[in-house]
Amino acid sequence: MKNQRDKLHQYQKRVTVITDKETEIAKECLARGDRSKALLALRRKKFQESLLAKTDAQLETLEQLTSNVEFALVQKDVLYGLQQGTAVLKQIHTEMGGIQHVEKLMGENEDAQAYQREISDMLGGKMSNQDEDEVEDELEALEEQVHGVQQHDAVSYPAMPDTALEAKLGSDARRKTRAKERAKEQAHGQAMEAMLA
């Protein structure tokens with residue numbers, strides 16, 4: 001198509017040169033007094049001009065067609081890109097398992113969290129402070145076995161009490177501190193549940 005367009009441009013240039021020559025011939029014929037040859041030259045010029053007008057129309061049609069083809073090629077490339085993007089998205093959705101899989105995972109996560117809260121609430125409500133203290137003491141003993149150092153040994157404390165009464169008072173103070181910490185944790189947990197509800 002582009003070759004055809006170039007040929008039409010060349011043809012237009014030749015026709016323009018011919019019409020200019022025909023005008024010159026008509027002037028020469030008039031200068032010699034040969035009116036019939038001048039008229040013939042002007043008719044040939046007019047014919048060439050009509051051919052030029054047809055050539056312009058064909059050229060315009062050809063350029064429009066070229067533009068349409070180029071636009072169609074762009075559309076084809078865009079369509080190909082869309083197809084590739086859609087295929088990639090489908091593959092990603094397949095790997096993710098789709099919306100149902102994501103919703104299922106979210107539901108399972110919520111169920112697991114609710115189950116954990118339920119167990120914590122049940123155990124927290126049924127265990128006395130003394131039981132909780134014993135669990136805490138057992139945890140400290142396990143930590144001492146695992147780490148070789150008790151957590152509270154990292155901080156400097158006064159010397160061990162000399163009497164059983166002083167030992168009991170120290171142990172009571174630790175239990176009260178633990179009870180306060182548990183109360184804070186429970187209040188925080190209830191506040192979080194209220195926010196999530």
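This is a predicted model: local features need pLDDT of at least 70, side-chain atom pairs count only at pLDDT 80 or more; totals for chains, interfaces and linings use all residues.
Biologist: Switching to charges. How many salt bridges does the structure hold?
Modeller: It holds 3. In one of them, the side chains of R44 and E22 meet at 3.0 Å, N to O. That pair links distant parts of the chain, with R44 in helix 2 and E22 in helix 1 (residues 2-32). They are 22 residues apart.

Biologist: Is E22 buried or exposed?
Modeller: Buried, with a relative accessible area of 9%. Buried means under 20%. R44 is partly exposed, at 36%.

Biologist: What about K45 and E49?
Modeller: Their side chains form a salt bridge at 3.9 Å, N to O. Both sit in helix 2, 4 residues apart, so about one helical turn separates them. E49 is partly exposed, at 33% relative accessible area.

Biologist: Which residue does K37 pair with?
Modeller: D34, in a salt bridge at 4.0 Å, N to O. K37 is partly exposed at 47% relative accessibility. D34 is partly exposed too, at 23%.

Biologist: New topic. Which residues form the nonpolar patch on the surface?
Modeller: V88, L89, I92, M96, V102 and M106. Together they have about 520 Å² of accessible area. Helix 2 (35-96) and helix 3 (98-126) each give two or more residues.

Biologist: Which helix gives the most?
Modeller: Helix 2, with 4 residues. V88 is found in helix 2, and its 45% relative accessibility makes it partly exposed.

Key:
Residues are numbered from 1 along each chain as its sequence is written. Side-chain values use heavy atoms; hydrogens and water are left out. Patches are made of residues with over 30% relative accessible area and no salt bridge: like charges are joined within 9 Å, nonpolar side chains (Val, Leu, Ile, Met, Phe, Trp, Tyr) within 5 Å. Accessible areas come from the Shrake-Rupley method with a 1.4 Å probe; for residues, only the protein chains shown count as cover. Buried means under 20% relative accessible area, exposed over 50%, partly exposed in between (1.4 Å probe, protein chains only).
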